[in-house]
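User: I have a structure to study for my course. Could you take me through it step by step?

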Amino acid sequence: MDDAHLKEEGTASELLFKGNFLHAKRDTVRLPDGKSATREYIVHPGAVVVVPLLDDGRVAMVRQYRYPIERVMTEFPAGKLDDGEDPLYCGQRELLEETGYSAREWAHAGAMHLAVAYSTEIIHIYFARGLTLGNQQLDHEEFVEVCTATPEQLQAWCRDGTVSDAKTLTCTLWLQNVLSGAWTLDWQSDATAAASR
C-alpha cells in the first residue's frame, strides 16, 4: 500500500534527556498537509521476551516489583538489548539470568511495538523448550521470583487482571494460538540458533 499521504517527515530534533537506559527527544515534523507539529518520544534500545515451555505443559514466569506502577507484576522473563546485541542471545541470557533455565530449542515468534505513540521500543518474542534448570544469575539489584502456570491459569490471570503487563498479554495470545495449532513456529536447536547468529 502507498502510505505517502500519511507520513510525517522530521525537520528538527532536540535531545531532552539522556539517561543510562532511556533518552527523551522532541522532534519537529512536517505533516502530510504541509503544516508542522512536535513529537515527544522515548528512545529505547529494544528488548526480548521469552515464553519458556516446560515439559509438563506449564510455562515458567517471573514475579518482580515494578517501581513505576508500585506493584508486583507476573510476567514472562524479558530484558533489554545491550548495544549491538543479537535478540536471540539476549533471550538466552535473560532466561538464564531471571529463571535459571537454559533451553534446548528456540523459535522466533515475531516482534511487537509496545507504545507506538511515544516510544521506539520493539520487543522480540521467542519461545523456548527443552528446558534444563540451573541457578538464577540475577544482577545485584534484581529481586525476581520464579513461578509456573498452566496455560489455563495464565489465561485466567489475564482475564482477572492478575497479569496486566502488555508483553505478557501479547505472548499469551501467541501461546494460545501456538498450542491450538493455529500458528506454527520454526524451532531450532540451541546450537543451530547460535551458529546462525
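Analyst: We shall begin with the chain as a whole and then turn to single residues.

User: What kind of model is it?

Analyst: This is a predicted model, in which local features need pLDDT of at least 70, side-chain atom pairs count only at pLDDT 80 or more, and totals for chains, interfaces and linings use all residues. Residues are numbered from 1 along each chain as its sequence is written, and side-chain values use heavy atoms, with hydrogens and water left out.

User: How many helices and strands does the protein chain have?

Analyst: There are 4 helices and 11 strands in the protein chain. Helices (DSSP runs of H or I, at least four residues) and strands (runs of E, at least two) are numbered from the N terminus. The C-alpha atoms fill a box of roughly 60 × 40 × 40 Å along the principal axes.

User: And what share of the residues counts as buried?

Analyst: Of the 197 residues, 40% count as buried. Buried means under 20% relative accessible area, exposed means over 50%, and partly exposed lies in between, with a 1.4 Å probe and protein chains only.

User: Which residues touch the most other members of the largest nonpolar core?

Analyst: They are Val49, Val51, Val59, Phe76, Ile125 and Phe127, in a core of 23 residues. The elements giving two or more residues to this core are β4 (47-52), β5 (59-66), β8, β9, β10 (145-149) and α3 (166-180). Helix α3 gives the most, with 4 residues. A nonpolar core is a set of buried Ala, Val, Leu, Ile, Met, Phe, Trp, Tyr and Cys residues joined through side-chain atoms within 4.5 Å.

User: What does Ile125 touch?

Analyst: Not counting residues up to four places away in sequence, Ile125 touches several residues, among them Val49, Ala107, Thr170, Cys171 and Trp174. Contact here means heavy atoms within 4.5 Å.

User: Now to helix α3. Is Lys167 buried or exposed?

Analyst: Lys167, which is in helix α3, counts as buried because its relative accessibility is 8%. Its side chain is joined to that of Glu75 by a polar contact of 2.6 Å. A polar contact is a pair of N or O atoms within 3.5 Å; within protein, one must be able to donate a hydrogen and the other to accept it, and residues adjacent in sequence count only if both atoms are side-chain atoms. Leaving aside neighbours within four places in sequence, the contacts of Lys167 include Val49, Glu75, Phe76 and Met112.

User: What about Ala47, and how far is its C-alpha atom from that of Glu121?

Analyst: Ala47 is in strand β4 and counts as buried because its relative accessibility is 6%. The C-alpha atoms of Ala47 and Glu121 are separated by 7.4 Å, although these residues are 74 residues apart along the chain. Glu121 is also one of the residues that Ala47 touches.

User: Where does Ser119 lie?

Analyst: Ser119 lies in the loop between β8 (101-113) and β9 (122-133). Ser119 is buried because its relative accessible area is 15%. A polar atom of its side chain lies 3.0 Å from the backbone nitrogen of Glu121. Ser119 also touches Tyr41, Ile42 and His44, not counting residues up to four places away in sequence.

User: Last one: what is phi of Glu70 near?

Analyst: Phi of Glu70 is near 55°, a positive value in a residue other than glycine. Most residues other than glycine have a negative phi. Glu70 is in the loop between β5 and β6 (71-75), and counts as exposed because its relative accessibility is 59%.
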